[in-house]
Amino acid sequence: MRGRPNYLAGFGSLIWLLLVGLPLYVLLLATLRTRADYSTEGPLGLPAQWTLRNYLTDLSNGFGRDFLNTLTVTASVVAIVLLVVPPLAYAIVRARGRATGWVFRLFLLGLAIPAQAVIVPMFYLISKAGLYDHLIGVILPTAAFCLPVCTLVLTGAMRDISPELYEAMAMDGASPGRVFRQLVLPLSKGGLSSIVVFAALQAWNGFLFPLILTQSDSTKVITLGLYEFQTEHGADVPGLLSAVVLSMLPILVVYLFARRALVQGLMGVGGK
Amino acid sequence: MTRAPKSAAGVARPGFAWAAPAAVFFLLFAMAPLVLVAVLSFANWDGITEPHFNGLDNWVALIHDPVMSQSVWTTLLLTALGVLTQTPVSLLLGVWAAGHQRNRAVLSAVYFVPLLLSATAVSVVWRAVLDPNFGVPAQLTWLFGDGNLLGSRSGALAVLTFVGVWQFTPLHALIYQGGARAIPQVLYQAAAVDGAGTVRQFIHITLPQLRNTVITSMVLMVVGGLTTFDTVLILTQGGPGTDTTVSAFYMYQKGFKSYDFGAASAIALVLVVVATLVSLAVVKFSGYDRMRGTAEGL
């Protein structure tokens, strides 16, 4: 943190660069060579002949459909989170009732529940509700398991709003609804973007719930598509890795253009 | 929404109705399944016909199942290895990234890329990279020998630990970066005046100041480690043999492969109890519950 260079840290960071860089290098190059080239030349050298065919094959083999399903799940999860979490956090921070305190404790408890632990009963409930193999059956549990972290983060952000501002609005006789719209929401923008980032990443990269709650091609999400590709055509490494690149492309674009928001968002998740 | 109760100062406060939608939703899709998993652990269910109670049968079978006890030890071992490897790497990387130098900002952008990949993608990529016949080991035989890293118990555990570091370090580094940025610069300036170098500043200022952050991050690592699933499913399928069959994977196999959902529920319950106990132990052992805030010790 001081002015002079820190050689030890520099050396360490170079090793990490190598560790992160190597698989990404293999990943990217593998997608740009033919299958035969990958098996004969190995993953490290440059391709004898560059090609984009792997991507085109993936796109014509249903990747677009998986992509749309993932997009639907992600958008819906973010919408649910944005719909229920801000009012909840507002109530936790401002309500006086004992019931709200219990709700907050419930969500704190929820932080410790791993999604893995509930896959059997979730399968039971979703099947009973007739939602098995429907996207909504994936959306609901995914959103529910985002709630504890999102609530914690947003509550933290809303606690930073000073009481004087509430009193000023009360002087004008503002209702809770107006306070919420005109004071709380605008002043917790940082927290709101944190929970959007968190929920979107969870939904986009979610694997466990789709794995156990869907089975048809028409409801397949990207992560499940990758897994099936791996188990069924694992030998086609260039095709498989192209699907990996396509799957991370949207997040990468967001990362390139809104890295600060994304990183700050995740930092907010950890910091609370 | 309900009418607002007025407090003494006349400030309108939100009623319970504001919290209700989220609470109901969460009860339905997270708490109800948790209760149901306990109920199902005392039942026999094949996933098709209706479940029926069979008392303690699942539990008795589980206690006598050598794979189950092995899976618990493997899970604990992998969790410990994960915490021991990820903590130092992410701590150093996070503190390093907290510096405001321009090159650090640029490099950090690359370093955090694994954060964007799903666990599925990470596992798929590493499986291809480490493939003994067509992956990197086949090309670098001087480094990897016969290259069949996943063929032995120790090799498979090492690979899972390593992929864990690769996958989770960025998130924890980010948490540490946030923590390190919150340390008052005055402390460093004072130490520099006293002639303390970078290493001593790190040991005597950064580490003690990051105490709470270390605990937050460790609890996340422990819970994440105990519930390891995706990487095992894709990289090792629990093998060789049952050498890397962690509990979460064993539960999945029992339920969704052998259609013995009662046994799977019992394993799930063990998982929840162990995860809760270990997290509580970390918090207790570290004295986190007695701490009052990050400003303590200033």
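The pLDDT is the predictor's confidence in each residue, on a scale from 0 to 100. This is a predicted model, in which local features need a pLDDT of at least 70 and side-chain atom pairs count only at pLDDT 80 or more, while totals for chains, interfaces and linings use all residues. Residues are numbered from 1 along each chain as its sequence is written, and chains are lettered from A and ligands numbered from 1 in the order in which they are written.

For the complex, the predictor gives an ipTM of 0.87 and a pTM of 0.88. In chain B the average pLDDT is 85, and 92% of the residues score at least 70. Confidence in chain B is highest in helix α13 of chain B (residues 247–257), at a mean of 94, and lowest in helix α7 of chain B (residues 141–144), at 76; helices here are DSSP runs of H or I with at least four residues, numbered from the N terminus. Over residues 291–298 of chain B, the pLDDT is below 50, and this stretch has five contacts in the model beyond near neighbours in sequence. Two residues are in contact if their C-beta atoms, placed from the backbone, lie within 7 Å.

Chain A is divided into domain 1 (1–51) and domain 2 (54–271), with bounds that come from an automatic or database domain assignment. The C-alpha centres of these two domains of chain A are 31 Å apart. Nine residues of domain 1 of chain A contact nine residues of domain 2 of chain A. On the side of domain 1 of chain A that touches domain 2 of chain A, α1 (7–31) and α2 (35–41) of chain A each supply at least two residues, and the largest share, four residues, comes from α1(A).
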